[in-house]
Amino acid sequence: MGPDVPLLNEYKQEFFWKRFPQSVLGGPQLKLGYCAPPYIYVNQIILFLTPWVFGGVGTLLYQLLLLEDYHAAVLSGGLMVIAASVVQIMNLCARRRTVTVERLQTQNILTDEEEFEFASCAGSETIKFIIPGKKFIVNTIFHTVLAGALCGLGTWYLLLNRLSSLYNNTGAAVMIFVFGWVTLCIGEYSLIINTATETATFQAQDTYEITPLTRPLYMFAFIAVDLAHRFNATIPDLQQANQALHIIFLFLPLLWALGILSPVDAVFLWGMEQTLVFGLGGSAMSTNIRLVVMFLVSVGVAIGTYFIPSSLGVVLFTTGMGFILSLDFSQVELMFRSCCRSPDAQADLRDMPRSLGWRLGWKEFFLYLTVLLAALAEAGLLHHFGTILETSASSPQAIVSYILISLLVVSWILREIQGAYIFYGVFRNPFYPQQIRNLKVFKQKQSGLMKAGIVRRLLINLVSPFAMIGFLAMDISLQSLHTVTLCIGFTRAFRTLWQNTEHALLEMVVIAVVRLAALKSNLVWWNSLGTGIQLLLVGIIWDRLTQFFSKLKFALTILISSWTEKKQRRKSTVTLITINAVLFPMLLAVIALSAVLSAPLLPLFTLPVFLVGFPRPVRSWPGTVGAAACMCPDSVYYQQMLWSLTEAFQTAFATGSLGVPSPGTHFLCRFQDRVLWVMVLERGFSYCSLNIKGLELQETSCHTAEARKVDELFEMAFEQEDGLEKSTVNHHFSNILTPCAALPVRLYSDARNVLTGIIDSHDNLKQMKDDFVKILFWVLLQHCSKKSQTLEGTLPEDMRGAKPAQVVAEQFVEVNVTTIKNFIRKTPSLNSETFDDWSDDDDLFGPEPTSKKTGLNNPAPKQTSATLPGSVEMQSPFCESFSVKSTDKARQALGFGLPAIDKGRELLERLSEAEAVPMVIFSSSHSKQLNVPQEWRSSALPGPRMQQLRKLFPEGWYKSVLSHLDIANTEERPSDILEGVLNDGALMDLYAHVVMTCYGVTLGAESTVLSPSYVYKVYCGDVPWTVGLDWLTGKPELFQLVLKAFRYTFKLMFDKASLGLVEDFSELANYLEEYERDWYIGRASDARWQQAVLQKKPYLFSLGHDPTMGTYKGRVLTLQEWLVHVGKLNSEGIRGQWANLSWELLYATNDDEERYSIQAHPVLLRNLTVQAADPPLGYPIYSSTPLHVPLF
């Protein structure tokens, strides 16, 4: 697609220009795509202006001094409640009337095109169109009452006398009155009549009808300030704020239209997150429930601090609670669910690594308890003995200040040298290994950096928190008890030093430097704030400055790349660049506003047209993390590497090679065709929480273009050849991705080879037939041996020591006599009444055993009547005759003269199967452990053909395999057991029969000509039809073993072509044992392939076919440690692109797969960013739940 692809197609443009005016006005549909009667528009205008009429009545009566101001407000509110109730009742009546009529009417085809047929001014269709109504009766009542309150308070808010006294200007009061009522009418219409789709949309679906509350919520906030000013008129700051808010009140419709003001759910989550992080010292949370709970608990701690009577108690309480609340309580929840035997929790614990910190146990508990007691002891002792009221350069707090400065400098240097680039990605790190192709060499070169990382880890996790506790415990501000500044400032300070140690260290160093620099001067205003509030202000300012520069870099990247990237140039590019250059101060103001609000900078359609997105939580999405993903067979590759990658991130975070893991930080990982998106959700003491997403492996053109750019960035950072000149500057600094480190991760490498010259070689195919016979015997023998060992313990004790002939005979008699009789007794269709006179010696369908070995009584048959006409005597393979006698009883049993029914059909099938199986008597008592299942012994091929195939059976291979087979027995010597089994001709004949039958059905048919296509079909389980194929497919277990043997044979052919010929039977056996132990050989689309990946099978092999090229490919997956490239993304750039994605899909509904904003952008990585968004807007194929990562 070219760069001038339409931003919105024609249909979406028409849709957008119908929806946008509706959003501006709060719901009235004044622009329709079809011709509607005039009364549709008139009715909407009347309903829109109704609140103004009611407010005007109250205002007029107040101006005429007929009512007090609050009485006028009550009157307006009461009228609005009545009007809103009437409107909702009309909608209910219209819906009931419509339901009754629709049962008799046919479907209106115009409705499918979103058009309506209007019958009259007050008809049902008219009312339903203008007033859609509420889904829940509770909302109907609540919104009605809220509309009345809004109208009444709005009337009070916009009284002319009140506005005149506030501004001392009648003209300004009239302007505010007029446009203020326009704002109120917009809010009332969206609350009661029809809610417009907001440009600031957070949820994909408004299940609980929260959207109608968005606009009234902001108006109530403005009114609340006015009410506070009414009852506290002496506060000058409050009056100025009220004056400013009255003016901003007029621009609320513009702010709603631009999508700057958040929806209700987003603004509450954002407000709690900002208060928790900057006001209470906490962290952004991985789930909404954790955010709400942690916010409430933290507020309770701050309130409790206010009532503590002593400064020592404040220090101990805030120190202890700060440490406790900074721990990861999800570990406690996981352990509790595991104790309750929750399958999900037990699975999570089973998959987790077992080293220190991964799961909460006794070691972690005692470690946390030791740190807590040490912190309490230090804080209490230093506060009691080290607090000095006068500040000097030699005071204990000043000495600790120098220690903090040193810790900050040392830890920053140790962190910077860990990554591939230093100074925020500008310069190449000379200490980082330049060659990383060899993992062993890379680890050796990185050993020095790892030692430096260990030192940094100790400084950050242990030394720095205790140093900061000493600084705070000796502070003079702790003497100001029962103040808001104390309870908020020091609650936050003692919490954030554990929750986010690096940032807390920076804040305290800034405070310490300012104090040391101002020892000889007196900063009255600054010192009056207290240390706690000073730290709070420094934290907010530092965060907003960081956001400002990140957003500025993102904006400049879009602006510059829109011209430098040829594929991004549009006809409007020059115009947009010129406008941004001329209005650059306004651009800076937009960026500054978004930074102050901690809102994303929204590039409209990812063009250099910048808006302020609405504030939202750092996670950007409302849903539960990891709850949705577009799962597919490729998802298992990401699921397999999940914990290994998490362990690698643990090491990288602890050493500092990935920087500070602050919530909202994004990383991109790349290995071969896999792209992983990692986001930090939460941060606390010695842990952080991650969400890992896997992007699609089937690369589209856009995906491929951006992935190629990612590979180029990583190659320049990590894989430059020695002969090339290495640049010390990062020439791709403007890119949204900055390479950080290469991490060793245990995962599958994917190697694919074209098999031309191997699969089409006549010599290979000929040898494949011979190998298949050998491998099939080996597979069948291994299967039968393992199956026999599994069932050995289930045999009766009196059968385990029996002689071979006796055991085999008794087994056959039991199958052919006892089992059949038991079956007859249990078969519902052959009930006891039918066979009440029949006995063992007169069994119609059962054999009549004559052998005395069975120990069964076999008296002479009693001939009571003539035999059944047409009956014959049948000889079974067991030399036992079957006769059909007793005509009357047989007729009674079989139901002659009645409609035909299938009585005893299953019994007849069992008898037929038993007759087709030859009897086998082994000469060795141990051969039974290798016996094949009885149903495999029947013959599927003609006798002459079987005789020909029997000659091909490799007897030498048979003896070689048996000689190495372990047959368990404690009573006899292994040599005697082996000799007996090898000399058992019946066993060899049995295996020769089964193996050669399967060979004749698959590869040994006379009409079979091996070719690459034939081999591929058999490999995939699609065996071409031959004589006996139905026999083989009717035995699923045997068929799967044959398929397994064939796949082993093909893999052996592949290995011999690659590694050389097999010299002897021992080497062949080693190959097969390795296949059985370490390999899964099958198809990549099989479910067992995915299970093998999750079970971490060392190797996997599959055969594939490319129909377009006409080639066959072998695919080998190898599980071992590989280096995965990791880069850090510009978090503000990601938030901005996701904000545009949310607006474009949820509001503009621009879901065109070829839209401009999803096209490849090698600098912004636009396509990958869209993929990584949470469903339904994005489409990652894997998304993990929040993962606990220890930072010890």
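Me: Please look closely at glutamate 1076: which helix holds it, and which residues does it touch, not counting those up to four places away in sequence?

Reply: Glutamate 1076 belongs to helix α40, which covers residues 1065-1078. Please keep in mind that this is a predicted model.

Is glutamate 1076 buried, partly exposed or exposed? Its relative accessible area is 25%. Buried would mean under 20% and exposed over 50%, so glutamate 1076 counts as partly exposed.

Leaving out residues up to four places away in sequence, glutamate 1076 touches Trp778, Lys786, Lys1044, Tyr1048 and Lys1097.

Among contacts between residues at least 6 apart in sequence, 75% join residues at least 24 apart. The chain has 1192 residues, and 52% of them count as buried. Its secondary structure comes to 43 helices and 15 strands. The accessible surface is about 55,200 Å², with 62% of that belonging to carbon and sulfur atoms.

Isoleucine 405 and valine 513 are 108 residues apart in sequence, while their C-alpha atoms lie 8.3 Å apart in space.

Next, let's turn to leucine 404. Beyond its neighbours within four places in sequence, leucine 404 is in contact with Ala467, Met468, Phe471, Leu505, Met508 and Val509. Leu404 is part of the largest nonpolar core, a set of 125 residues. Among the members that touch the most others are Leu404, Leu472, Phe649 and Leu743. Helix α18 gives the most to this core, with 12 residues. There is also a second, separate core of 74 residues, and it includes Leu780, Ala940, Tyr999 and Leu1052. As a general background, nonpolar side chains tend to be buried together in soluble globular proteins.

The largest cavity has a volume of about 100 Å³. It is lined by 15 residues, and Ile460, Asn461, Glu502, Arg683 and Leu1191 lie nearest its centre. Two or more lining residues come from each of α18 (439-473), α20 (501-517), α26 (642-655) and β6 (674-684). Helix α18 supplies the largest share of this lining, 4 residues. Sorted by class, the lining has 7 nonpolar, 4 polar and 4 charged residues.

The second largest cavity holds about 70 Å³ of space. Its lining has 13 residues, with Ser562, Thr606, Leu607, Pro608 and Tyr1156 the closest to its centre. Helices α22 (531-564) and α23 (573-582) each supply at least two of the lining residues, and the largest share, 3 residues, comes from α22. This lining divides into 6 nonpolar, 6 polar and 1 charged.

Most residues other than glycine have a negative phi, and most peptide bonds are trans. Phenylalanine 423 has a positive phi, near 55°, and it lies in the loop between β1 (421-422) and β2 (427-428). Tyrosine 424 also has a positive phi, about 60°, and its place is in the loop between β1 and β2. Phenylalanine 423 is partly exposed because its relative accessible area is 42%, whereas tyrosine 424, at 64%, counts as exposed. Further along, proline 1175 and proline 1176 are joined by a cis peptide bond with omega of about 10°. You can find proline 1176 in the loop between α43 (1166-1171) and β14 (1182-1183).

Technical notes
Residues numbered from 1 in each chain as written. Predicted model: local features only at pLDDT ≥ 70, side-chain atom pairs only at ≥ 80, totals over all residues. Heavy atoms only, no water. 1 Å grid on protein atoms, 1.4 Å probe; cavity = no way out; pocket = protein on both sides within 12 Å on 5 of 7 lines; lining within 4 Å. Points joined across faces, edges and corners; volume = space filled by probe spheres on them. Nonpolar A, V, L, I, M, F, W, Y, C, P; charged D, E, K, R; others polar. Buried < 20%, exposed > 50% of the residue type's maximum accessible area, 1.4 Å probe, protein only. Contact = heavy atoms within 4.5 Å. Areas by Shrake-Rupley, 256 points an atom, 1.4 Å probe, with all protein chains shown as cover. Core = buried A, V, L, I, M, F, W, Y, C linked by side-chain atoms within 4.5 Å.
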